[in-house]
Each structure stands twice: as structure tokens, then as C-alpha cells.
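Visitor: I would like to learn how to read the features of a model like this one. Where shall we begin?

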Amino acid sequence: MAAPEPLPIVRLRHWGRWVAAAIIIALLVLLGIALGNAQIEWHQVPDFVFYKVMATGLLNTVVLAVLSQAVAIVLGVVIALLRRSANPVARWFAAGYIWIFRGLPVLLQILLWYNLALVFPVIDIPFLLHEQTNVLVSAFTAAFLGLALNESAYMAEIVRAGLNSVDSGQTEAAKSIGMTPAATLRRVVLPQAMRVIIPPTGNDFINMLKGTSMASVIGVTELIHAANNISSNNLLVMETLLAAAVWYMVVVTVAGVGQHYLERAFGSSDRPDRGPLARAGQALRGVPLVRSARA
């Protein structure tokens, strides 16, 4: 019998991919045509990017975001620990804190802090401070308080989720060799929880960078306010807004790269010699067993 002829190999055609690609390209072309015909002086945009007031707005945006996020992380860790406390008063306080600052819009919180003088005209701390509230709570301070306190409520839930992700056996093992609760948290629990904490924290920081734009409502010179200052003189609204958009994309890209490297550093626990699990194991192995007598 003759050998059967080999079956022809027919390449699978993905018609859906070609149709989707054609639609996307067509939409991009239409968008390019619309932007090309728009009443925008594109050659002016690079000039506005490097205006002095735009540089001031960029600096204030970054400083406000970094300070707010740093304070929010510290407060979030404290509130998360209170939420996990055995003290019912501490748990209820933490739950109430999260309920209030997560429930109110950020812009509303900023406005409340900015108008605090209507409630407390003078801030008086005996032997320490006696000053007008309008002097102490400036526009920048009000924006900082509103952003930091709002973010701290979200950070508390992020940290609590990270701590809950660590198996209870890790804590029990640390207690069995005499590690104190503080040492257990620092050397065993947090290194492992960071894998869960870092990704949403990085996203929140990127959102914080953009959320600083709400400070323009109370006169803080950040990127949006700087763009409005420029356009109020030359009426080139779209050009100045696009210049602000350039800086937003720059700082967000830098923050995204930093988040990537942090995630890679704390997400390498799959390797036996690296990552938070390995460091936690080294912490457990490095504690002298003689301490267990005090446990």
C-alpha cells in the first residue's frame, strides 16, 4: 500500500485580530486628524513646560504628594495595628477613624481644613502655642492635612490586609523562641506582608500625585494652578494644560518605575535565598533559643 500523503498545514487566520487592529488604527488616525485641525498652537507647549511658575507647581506637587503619602503610611500602620488590637476601645477608634476619613470626599476634607478658623479662630495649647488658625493652617497645610488623613484611612486597610495575609504560624513560631511582639512584627510579619502592601500603596501614591490637583481649589500653586495662571495671561488654555499633562506623565512614570523595582525586590520570595520569607526565616533562626525561657 502506498503511504498516505501528508496533510497540508494551513495557517490559522485570526480575522478578529485583523478587524480589531484595523478599527484601532482608524480611530488613532481620526484622533490625529482631529488634533491636527484643532485650534492648538503646538509649538507653544514645550515653552510652557519650562516656565518658572510651572516648575514651582511641579515642585509643590511632588512635595505635597510625598509628604502626604509618607504621613499617611505612618498613620495607616498605627491605625491598622489598633484595628487588630485586643483592646475593644482601640478597635472601635480605628474603625471610626477609617469610617470618617474614608467616607468624606478628599475635596471636602481639604475645604474643611482650609476653613477651620470658622470653628476654632485661635489654636491655644497652654505653655506651647497660641496662634491664629488662619496663620497656622495655610492653603498648603490644609491640602496636606486633607490628602494625608484621607489616604491614611485607605493605607490602614491596605496594611491590615497585608498583615492578615501572613500565616498565623509565623507569629506562633516567633513567640515560641521568645521574640517580643515588636520584634515579631518588624522581623517576621512585615517583611512577608510587604508583598501584599507595596502594589496598592504604589497605586495610591500615583493617585496621590494626581490628587494634588484638588489643592488648586484653595490656591495652592501646583501644576493645574500653575497652568491656569499662565493661561489667564495669554488665553492659551489647551496649550498650558497640555504642558501640565507632560509633567504629570513624567512624575507618574517615575513613580511607576519605582513601584516596579520595589515589587520586584519584595516579590522575589520564590527563590529560597531571597525575599521576605527567607529574611523572616533568617530572623527566626538568628534568635538564640535561650530566650525561650522567658516566653
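Guide: Begin with a strand pair: Ile123 has Glu131 in E2 as its bridge partner. This is a predicted model, in which local features need pLDDT of at least 70, side-chain atom pairs count only at pLDDT 80 or more, and totals for chains, interfaces and linings use all residues. Residues are numbered from 1 along each chain as its sequence is written, and side-chain values use heavy atoms, with hydrogens and water left out.

Visitor: How many bridges join strand E1 to strand E2?

Guide: Strands pair if DSSP finds at least two bridges between them. E1 (residues 122–125) and E2 (residues 129–132) run antiparallel and are joined by four. Three residues lie between the strands of this hairpin, and Phe127 takes a positive phi near 70°. Strands (E, at least two residues) and helices (H or I, at least four) are DSSP runs, numbered from the N terminus.

Visitor: What span should helix H1 have?

Guide: The expected span is 1.5 Å times one less than the number of residues. For the 23 residues of H1 (residues 15–37) that gives 33 Å, and the end C-alpha atoms are 33 Å apart, so the two agree.

Visitor: How many residues of H1 are buried?

Guide: Buried means under 20% relative accessible area, with a 1.4 Å probe and protein chains only. In H1 the count is zero, while 35% of the 295 residues of the protein are buried.

Visitor: Which pattern does the protein follow along the sequence?

Guide: The order is α-α-α-α-α-β-β-α-α-α-α-α-α-α, with 12 helices and two strands.

Note on methods: Buried means under 20% relative accessible area, exposed over 50%, partly exposed in between (1.4 Å probe, protein chains only).
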